[in-house]
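Dear colleague,

Please find below the structure that you are to take over. I would be grateful if you would look through it alongside the notes that come after it.

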Amino acid sequence: MEHTKIDTELHDSYGDHQKWVLDSSLDSRGEIPVRSRTGAWRAALFIIAIEFSERLSYFGIATSLVVYLTTILHQDLKMAVRNANYWSGVTTLMPLLGGFVADAYLGRYATVLLATIIYLMGLILLTLSWFIPGLKPCHEEMCVEPRKAHEIAFFIAIYLISIGTGGHKPSLESFGADQFEDDHPEERKMKMSYFNWWSAGLCAGVLTAVTIIVYIEDRIGWGVAGIILTVVMVTSLLIFLIGTPFYRYRVPSGSPLTPMLQVFVAAISKRHLPYPSDTSLLHELSREEYTKGRLLSSTNNLKFLDKAAIIRNRGSENVMAEKESPWKLATVTKVEELKLLINMIPIWFFTLAFGICATQSSTFFIKQAIVMDRHIGHTFIVPPSSMFALVALSMIISLIVYERLLVPLLRRLTGNDRGISILKRIGIGMVFSLITMIIAAIVERKRLDYTKNHHMVMSALWLAPQFIVIGIADALTLVGLQEYFYDQVPDSMRSLGIAFYLSVIGAASFVNNLLMMISDRLAEAISGKSWFGKDLNSSRLDRFYWMLAALTAVNICFFVIVAKRYTYKSVQSRVAVADGGDDVEMAPVVTKTSKYT
C-alpha cells in the first residue's frame, strides 16, 4: 500500500512518466526505479549474455547425449533415444516447478542464483566422472561395458542439470522481459524485440556448443569439455551478479493458483444468479487499491466465471462482509486471469505436434548423421552433433530477417506493432515443421535405398535441408510461444508462463516416446517387422517421419480453428500506449468501475 501512495505522489509531483518506472517493480535498493538508470537494454544485455552461457552448457550436453549413450554407455538405438527423450522431457517440465517457486516465493533473481548453483553441481560431477579413477567409464582404453559407478554418476549429473535448468530457464527469461515496462510506449516496443534478440543470443550459444564444444568432446575428450562448460557457467554467474544494480525486480506475490481456485468457488456458489445487464456492475478494485500488476477488462468468453464478480444484495449490510472474503467475491481482473489460463489450454495442446517435430532434430536427425559420410576434404570429419549448427544458423538468420525486414514491412501493412499476431506467427512456423518431416521422410528413404543398392554411405549434406527448415520453424514457433505465454498469462505468473512454453517441448518428448512405442508395436503386428531396429539400416525411420507429417497436418487444421476463436488479454492502460495490435487489447482507462466498488 505504501508503494501505491508513493506511486500516486510521483504521478502528482512530477507528472512525468518518463522519469519513473511505475509498474510495481523495484530497484536493487527496494525503491521505485529511475528509468534512466535501470532496466531496458542496459539490464537485458546482461541477462542475454547469461542465456548464451547457459545454452552453451546445455546444448554441449543435449546434442551429444544420444552419441554418449550409444558410444560410451553402449546402449542400443531405441534405448538411447528413449533415455534422451526422458531427460529432455524432465528438463523441460521442471520449469513448471521452478517458475511456480519464482513467482510465488523466491522471486526471479533469487531463483536464478539458486538454480545456477545446482546447475554447477551437475557440471562439476559430470566433469569429475572423467577424472576420478573410480568414476571413469572404463579401466582400459577400449571396453564393452562401462562401469556402473560412472553410469550412476552420469545420470545423477545430468538430472542435477535438469533441476538447475528448471529454475534457471523460466526465471531468467521472464526476469529479462521484466526490464521493460508494458505501459511505456518505447519500452513496450523494445519488449517485442526482446524475445527475438533473446533467441538470437540463445542460438549463438547453441551454435558455439555444437561446433566448438562438440568438436572437443569428439576429438579431445569429454572431461576437457566438462571443464570448459563449468568455467563458462561460473563466468555467467559473475556476469549476472555484476548487473545487479541495473535490474528491476518484482516482489513475489504468493501462490498464483489460490486466486484461480477462489474464482471457481465463488462462481459455483453464485451459479443460480442472473448476469448483470452492465459489466460495470461487476466487482472491481479502483486503480489506487490495486497494486499487483494491471487491471483487466471484462471479456465475453467463459461468461459463467463472471458470476464470481457479482455482488449479492447490493446496498445491504452483507456487501462489506462479502467483499472481505475472496472465496465469496472475486474482482473482474481475477476472473479474467483465470479465463486467460483456460484459453491457453487448447493452444498448448495443439502446439505439442510442433514440439514432437522439434525433438527429432536432437535425436533421430543426429543419429542419421552418425551413419552418413561427414567428411570435408580427405581428413576432416564433422562431429555428428555439429550438424545441429545448421539449426542454430538457420534460426539466427531467420530471426534477423524477421526482426529487421519483415516486422517493419508488416507493421506498415497490418498496423500491428508485432507485424503479425503471435498466433499467426506460431501457425506459420508449424507449417515449416510439417515441411521438415516431409523432407526428412524423403531423405531417409533415399538413404536406405542408396545404402542397399550401392553398399556405400550417403553424404550427410543430404540432411542439411531438414536441419535448415526446422531452424526456420523454431524461429517462428518457438519464439512465438515464448512471447505468447509470457504476454498472455496473468502478470503475477510470468515465470510460469515461460515454463508453460518449455513444457510444450517437455510433454512432446514423452508423447514422442509414446508414439514410438505404439507405432513400433502396430508395425510388428501388421508386417512382423519393427520400425526401430538395433541400428538405422534395419529401421524404417522414414515411415515414422511420414506418420509425424500426417499428424502435424491434421493438428495444424485444429490449431487454426482454435486460434481464430482465441480472445487476447484486454488490459486497462495506465497511460497512452502504442496499440499492441490484436495480441493485447488496450481498454480505455477506467478510474471507477462501479459505484459499489
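The findings are set out below by topic. Please note that the model is a predicted one.

Surface patch. A nonpolar patch lies on the surface and is formed by L261, F264, V265, I268, Y275, F304 and W327. Together these residues have about 620 Å² of accessible area. One of them, F304, is found in the loop that runs between α9 (257–269) and α10 (318–323). With a relative accessible area of 36%, F304 counts as partly exposed, because that class covers values between 20% and 50%.

Helix α4. This helix comprises the 30 residues 77–106. At 1.5 Å a residue it should span 44 Å, and its end C-alpha atoms are 41 Å apart, so the two values agree. Just after α4 comes G107, which takes a positive phi of about 85°.

A buried glycine. G243 is located in the loop between α8 (222–242) and α9. Its relative accessible area is 0%, and G243 is therefore buried, since the cut-off for that class is under 20%. The C-alpha atom of G243 is separated by 9.9 Å from that of T38, although the two residues are 205 residues apart along the chain.

Cysteines. How many disulfides does the model contain? The count comes to zero, where a pair of cysteine sulfur atoms would have to be within 2.5 Å. As for accessibility, C203 counts as buried at 1% relative accessibility, and C357 likewise counts as buried at 1%.

With kind regards

Note on methods:
Residues are numbered from 1 along each chain as its sequence is written. This is a predicted model: local features need pLDDT of at least 70, side-chain atom pairs count only at pLDDT 80 or more; totals for chains, interfaces and linings use all residues. Side-chain values use heavy atoms; hydrogens and water are left out. Patches are made of residues with over 30% relative accessible area and no salt bridge: like charges are joined within 9 Å, nonpolar side chains (Val, Leu, Ile, Met, Phe, Trp, Tyr) within 5 Å. Accessible areas come from the Shrake-Rupley method with a 1.4 Å probe; for residues, only the protein chains shown count as cover. A salt bridge is a side-chain nitrogen of Lys or Arg within 4 Å of a carboxyl oxygen of Asp or Glu. Helices (H or I, at least four residues) and strands (E, at least two) are DSSP runs, numbered from the N terminus. Buried means under 20% relative accessible area, exposed over 50%, partly exposed in between (1.4 Å probe, protein chains only). The expected span of a helix is 1.5 Å times one less than its number of residues.
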